[in-house]
Amino acid sequence: MSGFATEKVTEDIAKLKVGGSAPDSSSSTGAAAASATAAMSQVASMKNVNEVKQYIMQQQIAALQKKIKKKEGSETHKFWDTQPMAKKDAVISELVNEAIDKNTDPEQVRQTPYSMPAGFEWCEIDVHDEGELQEFYALLAANYVEDDGGEFRFDYSKEFLMWALTVPNYRKDWHVGVRSPAKDGKPGKLMASITAVPALLQVHGVQMSVVEINFLCVHKKLRDKRLSPMLIREITRRVNLTGRWQAVYTAGALLPGCKARCRYWHRTLQPEKLIEVKFSFLPMGKTMPQHVADLDLPKKPLHAFRSMLESDVSQVTALLNTYLRTLKMSQIFEEHEVSHVLLPRENVMNSYVVQGDDGVITDFASFYNLKSSILKSTKYSELLAVYSYYNVAGSMSYEELVTDLLILAKNQGVDVFNALDLMENQSVFGNLKFGRGDGALQYYVYNWNCAQLTPQEVGLVLV
Ligand SMILES: CC(C)(COP(=O)(O)OP(=O)(O)OC[C@H]1O[C@@H](n2cnc3c(N)ncnc32)[C@H](O)[C@@H]1OP(=O)(O)O)[C@@H](O)C(=O)NCCC(=O)NCCS
């Protein structure tokens, strides 16, 4: 972890400088302008509309292929190959479960921030400052994760960001931003981010204090300039200085050291809207009324779920940890973390329990709210989605539990219920009419070597 090759860092900075005019200037490179001019003159020389249409289609296919290639990743990784991560095709024995870089001495860690290109600056994002929270929200709302077709983009609300980043023992210096050069006496714009929050992780029975990395985002005008490796190195340095040596993160991209490959599944709750915005399609041979009837749900939950209360925290923590410890990789919660993370919050977190007459909580179920912006519809601007979080079924089957979650979500006016195929989720997808999504999500543990896990062995959901 400590001591990255200096040449690599220098090379990454050099890349950021190339064409790295002030990032908020309109075009990031002269090359882009030149290729736009070439495309325009090619279109101008075409004889008819069909030729133009064909050209546009070819361009769209080429762009899609480029995106897919980026996701599947290349064979060599100029940055990741320098990091303490297993190589992409490495087969690791079940007996291996250990750190790759064994250093545990913070004094060996670089004490000063990595250099930035002239004018660019590291900053801390203070989520308790309304102006900074708004800036962070705006960076993500315009530049964070999109689907391959560019139809939808995550729209994390400010309440959600505040909740996700202020877990117990969070540190402001782990909410890292990059600002562009100051201009006309005004501070530079927030152009990139990466965050870490503390957590306890269990992998094959070994428990460790880690951080969860999230919100890696580079403004669209600064893409492909090797800013991400700089962000990752800097957050690693800051985390290492506090004596933490492992980090867990997920990515759509396939990178070295992948521990599990998961996939999103979707349960439609508002079929007409989802079809209209091209989130899903009408199944072959079905009419819309048939499809709507097919996906109908009871009006009320089948079991006596009620919203979780502060007084449930201790029982929920025990119930959840007992279940999570049965899995090969999982988060382990302390009570004050459950209190922050799992108690209901409007438009952020929904958590429910079933409590027997004897006061014992037997079941726990939860989902979080995360909207997406709909980028290409004239009728709708928001996709109201919720995501399955942590669930433990004690007095009912897992299928009954998820059915009730679907009903509770639908009653909130949600459009789609999403779930990863981890923990027990996969077992209910067929019967509950989930459709397989095209989004894969890889799980990584930085600086940890162990055998690959199946999705069902993973008990960790990163928001
Ligand atoms: C992901 C993102 C930050 C990458 O930035 P970029 O400008 O495309 O790439 P950069 O030139 O800065 O860096 C490239 C390096 O980052 C790595 N990288 C790309 N995406 C990554 C990810 N999600 N996690 C970790 N590393 C990633 C690449 O593999 C490459 O390293 P390599 O040469 O060793 O393979 C940027 O595309 C982005 O903001 N996308 C939208 C938000 C998003 O998808 N965030 C990630 C959520 S998991």
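This is a predicted model: local features need pLDDT of at least 70, side-chain atom pairs count only at pLDDT 80 or more; totals for chains, interfaces and linings use all residues.
The protein chain contains 12 helices and 19 strands. Of its 463 residues, 33% count as buried. Among contacts in the chain with a separation of 6 or more, 75% are made by residues 24 or more positions apart.

The ligand is surrounded by 21 residues, of which His77, Phe79, Arg223, Ser228 and Ala251 are the closest. Sorted by class, this shell consists of 12 nonpolar, 4 polar and 5 charged residues. At least two residues of the shell come from strand 6, which spans 206-218, and at least two from helix 6, which spans 227-240.

Backbone angles were also examined. Most residues other than glycine have a negative phi. Phe215 is not a glycine, yet its phi is positive, at about 55°. This residue lies in strand 6, one of the elements that supply residues to the ligand shell. Phe215 has 23 other C-beta atoms within 10 Å and is therefore buried, since the cut-off for a buried residue is 20 or more.

A positive phi is also found at Asp224, with a value of about 60°, although Asp224 is not a glycine either. Asp224 is located in the loop between strand 6 and helix 6. Around Asp224 there are 12 other C-beta atoms within 10 Å, so this residue is exposed, because a residue with 12 or fewer is placed in that class.

Note on methods: Residues are numbered from 1 along each chain as its sequence is written. A residue is near a molecule or strand if its C-beta atom, placed from the backbone, lies within 6 Å of it. Helices (H or I, at least four residues) and strands (E, at least two) are DSSP runs, numbered from the N terminus. Ala, Val, Leu, Ile, Met, Phe, Trp, Tyr, Cys and Pro count as nonpolar, Asp, Glu, Lys and Arg as charged, and the others, Gly among them, as polar. Two residues are in contact if their C-beta atoms, placed from the backbone, lie within 7 Å.
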